[in-house]
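Have a look at the sequence and the model, then we'll start with the space inside.

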Amino acid sequence: MENPKAADLLQERSLNFSEAPLMARNTKQSEVPQWTWSLKWAAVGSSLGAAVPVGYCTGVMNSPAEIMRSWCNETLIARYNLSLGDSGLELLWSALVSIFLVGGAIGSVVGATMANRFGRRGCFNICGILLATAAVFFYASRPLNSVELLLLGRLLAGLAGGLITAFMPMWHSEISSLSQRSTLSPLCPMGLTLGVVVSQVCSLRSVFGGPDNWHIGLSFYGVLVAACYAPFRWYPESPKWMYVVGGRKDEARRQLQQLRGYPADSAALQAEIDEMELEAASKVEALGLVQVLRDPQYRLPLIIVCAFLGGQQLSGINAIFYYSVSIFRKAGLSIQASQWANLGAGSLNLATSMLGPILLERVNRRPLMLFSTFFCTVFLFLFAMMLYFIESFSWFAMGCIGCIFLYIFFFQFGLGPMPFFIGAELFELAPRPAAMSLGSVVYWICNFIIGMAFPTLQNAFGALVFLPFSVTCLLLFGLTKRYLPETRGREPSEVAPLVASGFNSKVFLSHQAVSQL
């Protein structure tokens, strides 16, 4: 049965549609959303305090791996008189690495429920507790000679990572205005990338990667967590969650006014409140994961979100970083030079990711994703072929290095940042947490598959193992070309109908409409 209040609001919107251009021009002239301190702090503080530490935990164990393996073996002998062979030690190390990914998958599963129950800021605070506790466990593991604390710390950090990938892009989308959204959208993946680069620096043997201080390297991100979470009361809650889910309408209005910098009698403020009232009247309760999975209108956007997040991991970015040191060695670099070259590749990844806010603000989503996936396909294929025939031509070794750097460069144009926030632009508020939670689960599962299966597949197929990664990028190119609607400059309520008919959806916008974005 149609909600009368929602129907009235829809009718009012239809009657005023012809006045929209004039109202938009007046709003642009007098009531443009401001970059308030509250919005800036929420965006920067949450990215530095949560996304960067998760990225840090992702990459910090690579450099001191041999030292930590030896410590684990010595600790087990000293405490339990248990001597692990090579296979047992390899199994323990695999557990230490993979339990982080398992925690990420678990955190993603509960992410939707927690985001709806505790709010976006509440989820952020829970992540801070998990990350801080994990840092304490990491630091205490070596002095207390406890492998168990190391395992538990990795699990807690993974849980925080799963929550962050599930709720943070959604939080940033909901606290920003439509004109600010493209700038905030890539901050979460940028924070993850920055964290990996910082961990590569901190885990160098000359910094915190030595036998006497690796535990400091593992826990060093705790300083950033403490600094960014100390003023936790200043972080704003999502006004849309407060209004639509929490029913706290007066608080939501005050929070929205603080985020936008509008005066109390602002017409632009009232327009956003009317939008939230329409959504609240239409969909009172947030949808659960099972409801979203059963509803046909969400099928195509769910496939897009899961394919983008899973495909990002299956596109080979982690495998490239895993394999880059040995490639640099084959090109004639020394071990130390290869490690520095690997750090250079990570730095290029970070530097290119910093272009994200600029590009996403000025360029539509579809061309960026098509551009990124096409060139990733090309350079992964060239990399696989050059690596396979690396002994045939002397310059193929340098060609492999060039392909690595070019792949990383083009990866960050679309395939790197876009999967994390596209769900927030395709789904309205009710199904959004469940959809982004499911996408995050797929992301962590594919991350786990690559981490566990890649070394075995590499030994079995050699350089040809990179061809499936190239095929994955090609499939993502086709999915984007055929089914991804343009979302830049449009509210989810405008985008959702474009994909509601599943694979029969007409997602293409007219050239005139796109050019006006």
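Q: How do the residues lining the largest cavity divide into nonpolar, polar and charged?
A: The lining has two nonpolar, three polar and four charged residues. The residues in question are Leu178, Arg181, Ser182, Arg365, Glu425, Thr487, Gly489, Arg490 and Pro492.

Q: Before going on, what kind of model is this, and which atoms and residues count?
A: It's a predicted model, where local features need pLDDT of at least 70 and side-chain atom pairs count only at pLDDT 80 or more, while totals for chains, interfaces and linings use all residues. Residues are numbered from 1 along each chain as its sequence is written, and side-chain values use heavy atoms, with hydrogens and water left out.

Q: What makes a space a cavity, and how many are there of 30 Å³ or more?
A: On a 1 Å grid over the protein atoms alone, a cavity is a set of points where a 1.4 Å probe fits but cannot get out, and its lining residues have an atom within 4 Å of a point.

Q: How many helices and strands does the chain have?
A: There are 25 helices and zero strands.

Q: How do you know that the span of helix 8 agrees with its number of residues?
A: The expected span is 1.5 Å times one less than the number of residues. For the 16 residues of helix 8 (residues 187-202) that comes to 22 Å, and the end C-alpha atoms are 22 Å apart, so the two agree.

Q: Why is helix 8 called largely enclosed?
A: Because twelve of its 16 residues are buried, where buried means under 20% relative accessible area, exposed over 50% and partly exposed in between (1.4 Å probe, protein chains only). Among the buried ones are Leu187, Met190, Val197 and Cys202. They pack against several helices, including helix 3 (37-59), helix 6 (147-175) and helix 17 (335-353).

Q: What makes helix 21 largely enclosed?
A: Nine of its nine residues are buried, so the rest of the structure largely encloses it. One of them is Glu425, which also lines the largest cavity. Over the whole chain of 517 residues, 54% count as buried.

Q: Why is the pair of Phe374 and Phe375 called edge-to-face?
A: Rings of Phe, Tyr and Trp (its six-membered ring) pair if their centres lie within 6.5 Å; planes under 30 degrees apart are stacked, over 60 edge-to-face and the rest tilted. By that rule there are 34 aromatic pairs. Phe374 and Phe375 sit 5.2 Å apart, centre to centre, with 85 degrees between the planes, which makes the pair edge-to-face. Both belong to a cluster linked by ring pairs, with Phe371, Phe379 and Phe477 among the other members.

Q: Are Phe374 and Phe375 buried, exposed or partly exposed?
A: Phe374 is partly exposed at 41% relative accessible area, and Phe375 also counts as partly exposed, at 25%.

Q: What makes the phi of Asn81 worth a look?
A: Most residues other than glycine have a negative phi. Asn81 has a positive one, near 55 degrees. Asn81 is in the loop between helix 4 (65-80) and helix 5 (86-141) and is exposed, with a relative accessible area of 68%. Asn145, also not a glycine, has a positive phi of about 50 degrees; Asn145 lies in the loop between helix 5 and helix 6 and is partly exposed at 37%.

Terms used: On a 1 Å grid over the protein atoms alone, a cavity is a set of points where a 1.4 Å probe fits but cannot get out, and a pocket is an open set with protein on both sides within 12 Å along at least five of seven lines; lining residues have an atom within 4 Å of a point. Ala, Val, Leu, Ile, Met, Phe, Trp, Tyr, Cys and Pro count as nonpolar, Asp, Glu, Lys and Arg as charged, and the others, Gly among them, as polar. Helices (H or I, at least four residues) and strands (E, at least two) are DSSP runs, numbered from the N terminus. Contact means heavy atoms within 4.5 Å.
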